Amino acid sequence: MTRILLIGSQGQLGQELQMTLPALGDVVAVGRSQLDLTDLPQLRSLIAETAPHIVVNAAAYTAVDKAESEVDLAKAINAIAPTVMAEEVQKTGACLVHFSTDYVFDGRKNTPYLEDDSPNPCGAYAESKLLGEDGIRQTCDRHFIIRTAWVYGSRGKGNFVKTMLRLGGEREELRVVTDQVGSPTWTKDIADATTQLLTHWSQKQAPAYGVYHFTNSGVASWYDFAIAIFEEARQLHQMLKVERVLPITTAEYPTPARRPAYSVLSGKKIAAVIGQPAPHWRQSLRTMLNEFVQAD
């Protein structure tokens with residue numbers, strides 16, 4: 001029986017992975033209350049004692065702006081800890097799955113980023129994520145690095161969808177950036193694609209190790225995404241106060257960390273492995289909000 005160690009099980013992606021990974025085997029799920037990723041001896045001991053065939057790392061430092069003032073902490077969680085995971089996995093012959101981000105790119109391209117495009121991170125968070133990728137690549141032969149983007153879900157703590165629903169219930173007018181473009185991506189779709197990729201691997205169908213991009217299909221700005229959230233929420237009879245959503249530029253909403261203006265990722269490589277393209281982001285948003293409202 002395949003044994004899987006899921007690290008970061010309490011986050012919004014980790015909770016979805018807890019629902020899908022059992023299709024592959026026995027899952028040992030560990031969250032931040034049980035594992036301090038800055039405690040490297042504890043991390044090494046956990047992997048050694050669990051003796052997993054697969055380690056799935058869904059843990060990350062994701063506070064993009066806060067990372068500018070917490071550089072060392074972001075690096076510890078996003079770069080040093082994954083590299084240690086890779087070292088331990090390399091010793092045992094297991095496989096490591098790690099999640100990274102569209103923010104490793106600078107956003108100056110205007111066509112979807114491919115897996116072998118050159119990264120150029122623009123802030124401490126993005127730099128820490130790229131360092132994590134590099135550490136894994138240099139340390140462990142058997143790895144899947146899955147870059148994703150604009151992640152949201154019904155589980156876990158805050159994300160853009162939950163923030164918009166909260167603010168839309170409190171304010172009549174919102175201002176949302178319209179000159180940053182990407183692909184909103186539902187955690188459940190990421191978990192499903194990850195599990196399908198690992199299913200092929202476990203059945204010796206041998207997808208090549210390395211980097212894969214996965215997001216929902218389609219493209220939107222944050223403004224487009226916000227409008228869609230409110231439209232779909234009203235279809236579900238959610239009480240919203242918001243009457244106006246005004247498009248603004250990045251320059252009108254300065255943040256400590258610079259975001260890429262264009263961070264659309266090409267999903268063709270992973271689609272060829274799992275045999276299907278990702279659902280459109282609007283379709284997944286609608287399904288997620290249905291689940292979220294029903295669970296409320």
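Biologist: What covers the buried residues of α4?

Modeller: The cover includes α3, β4 (95-101) and β5 (143-148). Contact means heavy atoms within 4.5 Å. Helices (H or I, at least four residues) and strands (E, at least two) are DSSP runs, numbered from the N terminus. This is a predicted model, in which local features need pLDDT of at least 70 and side-chain atom pairs count only at pLDDT 80 or more, while totals for chains, interfaces and linings use all residues. Residues are numbered from 1 along each chain as its sequence is written, and side-chain values use heavy atoms, with hydrogens and water left out.

Biologist: Which residues of α4 are buried?

Modeller: Buried means under 20% relative accessible area, exposed over 50%, and partly exposed in between (1.4 Å probe, protein chains only). In α4 the buried residues include Ala 124, Tyr 125, Leu 130 and Ile 136, and also Lys 129 and Glu 133.

Biologist: How do I check the span of helix α4 (residues 124-139)?

Modeller: The expected span is 1.5 Å times one less than the number of residues. The 16 residues of α4 should therefore span 22 Å, and its end C-alpha atoms are 22 Å apart, which agrees. Among the buried residues of α6 are Asp 189, Ile 190, Leu 197 and Trp 201.

Biologist: Where is Asp 141, and what does Asp 141 touch?

Modeller: Asp 141 sits in the loop between α4 and β5. Its relative accessible area is 52%, so Asp 141 counts as exposed. Leaving out residues up to four places away in sequence, Asp 141 touches Gln 90 and Tyr 209. Asn 120 is 21 residues from Asp 141 in sequence, and their C-alpha atoms are 24 Å apart.

Biologist: Which helix holds Ile 80, and is Ile 80 exposed or partly exposed?

Modeller: Ile 80 belongs to helix α3 (residues 71-92). Ile 80 is partly exposed, because its relative accessible area is 37%. Apart from neighbours within four places in sequence, its contacts are Leu 40 and Lys 75. The C-alpha atom of Ile 80 is 42 Å from that of Glu 173, 93 residues away along the chain.

Biologist: How many disulfides does a search of the whole structure find?

Modeller: A disulfide is a covalent bond between the sulfur atoms of two cysteines. The test is a pair of cysteine sulfur atoms within 2.5 Å. The search finds zero. For Cys 140, the nearest cysteine sulfur is that of Cys 95, 7.3 Å away. Cys 140 is buried at 1% relative accessibility, whereas Cys 122 is partly exposed at 23%.

Biologist: At what angle do α5 and helix α7 (residues 222-235) pack?

Modeller: Axes are lines fitted to C-alpha atoms, for helices over the stretch in contact, and angles run from 0 to 180 degrees between N-to-C directions. The angle for α5 and α7 is about 65°, with their axes 10 Å apart. The contact includes Phe 160 and Met 164 of α5 and Trp 222 and Phe 230 of α7. By class, its residues are 10 nonpolar, one polar and no charged. Here Ala, Val, Leu, Ile, Met, Phe, Trp, Tyr, Cys and Pro count as nonpolar, Asp, Glu, Lys and Arg as charged, and the others, Gly among them, as polar.

Biologist: Where do α5 and α9 touch?

Modeller: The axes of α5 (residues 160-170) and α9 (residues 281-295) come within 12 Å and cross at roughly 60°. The contact uses Val 161, Lys 162 and Leu 165 of α5, with Leu 285, Met 288, Leu 289 and Phe 292 of α9. This contact has six nonpolar, no polar and one charged residues.
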